[in-house]
Amino acid sequence: REAVVSTQSTGEIMAIFDNCSMCPCFPSIHQLISGKKDEPPPEIVEDLQELKMSDEDAAVRIQSRYKGFKVRKDIQEKKEQEQAAVRIQANFRGHKARKELAEQREVPFPETDDFPGYTEEEEAAIKIQANFRGHKARKQLASEGRLPPQ
């Protein structure tokens, strides 16, 4: 076991962790070092018997718990990144397949003249106006409660 022991006492170290809102330690560390005996869970009763551990043992325990926390967090982040990459790749492959399928199925549409005698710009203006009038009428019917639910 390797420990980096500072000049701070165990109490000073715990004061730092107690003030930290995101302590990387398990609650049992607080109980072990600070001596709090608030009816500990049965799984840490054995740890509580070691309340009088040395500063070096306390430092080793804190460091090992923190390292474990850090490794678990790194593994979780890597797993999430891999899942995101797989999702992006799957979406792209689906997009590519749909695009290829659309190109294979693409049959040229016959040219239809919806508005004979009008230029392309005039036809576009007519379509825009018709769509807006339809939108306006649907909005009016909805406000009057006469639009059937969809």
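Me: OK, and what does the chain average for pLDDT?
Reply: The average is 75, and 59% of the residues score at least 70. pLDDT is the predictor's confidence in each residue, from 0 to 100.

Me: Where does pLDDT stay under 50?
Reply: Over residues 20-25, for which the model has 8 contacts beyond four places in sequence; a contact means heavy atoms within 4.5 Å. Where pLDDT is low, the predicted coordinates should not be read in detail.

Me: Switching topic: how many residues does helix 4 have?
Reply: Helix 4 covers residues 55-105, which is 51 residues. From first C-alpha to last it reaches 75 Å, close to the 75 Å expected at 1.5 Å a residue; the expected span is 1.5 Å times one less than the number of residues.

Me: Which residues of helix 4 are buried?
Reply: They are A58, A59, V60, R61, I62, R65 and G94. Buried means under 20% relative accessible area, exposed over 50%, and partly exposed in between (1.4 Å probe, protein chains only). Across the chain, buried residues make up 17% of the 150 residues.

Me: What about E123, buried or exposed?
Reply: E123 is buried yet has no salt bridge, which would be a side-chain nitrogen of Lys or Arg within 4 Å of a carboxyl oxygen of Asp or Glu. The nearest side chain of opposite charge is K127, 5.2 Å away; Lys and Arg count as positive and Asp and Glu as negative, with His and the chain ends not counted.

Me: Where is E123, and what is it in contact with?
Reply: E123 sits in helix 5, residues 120-144. Leaving aside neighbours within four places in sequence, E123 is in contact with D113, F115 and Y118.

Me: Which side chains do meet in a salt bridge?
Reply: E144 and R146 do, at 2.8 Å from N to O, and the structure holds 1 salt bridge. E144 is partly exposed at 40% relative accessibility, while R146 is exposed at 58%.

Note on methods:
Residues numbered from 1 in each chain as written. Predicted model: local features only at pLDDT ≥ 70, side-chain atom pairs only at ≥ 80, totals over all residues. Heavy atoms only, no water. Helix = DSSP H or I, 4+ residues; strand = E, 2+ residues; numbered from the N terminus.
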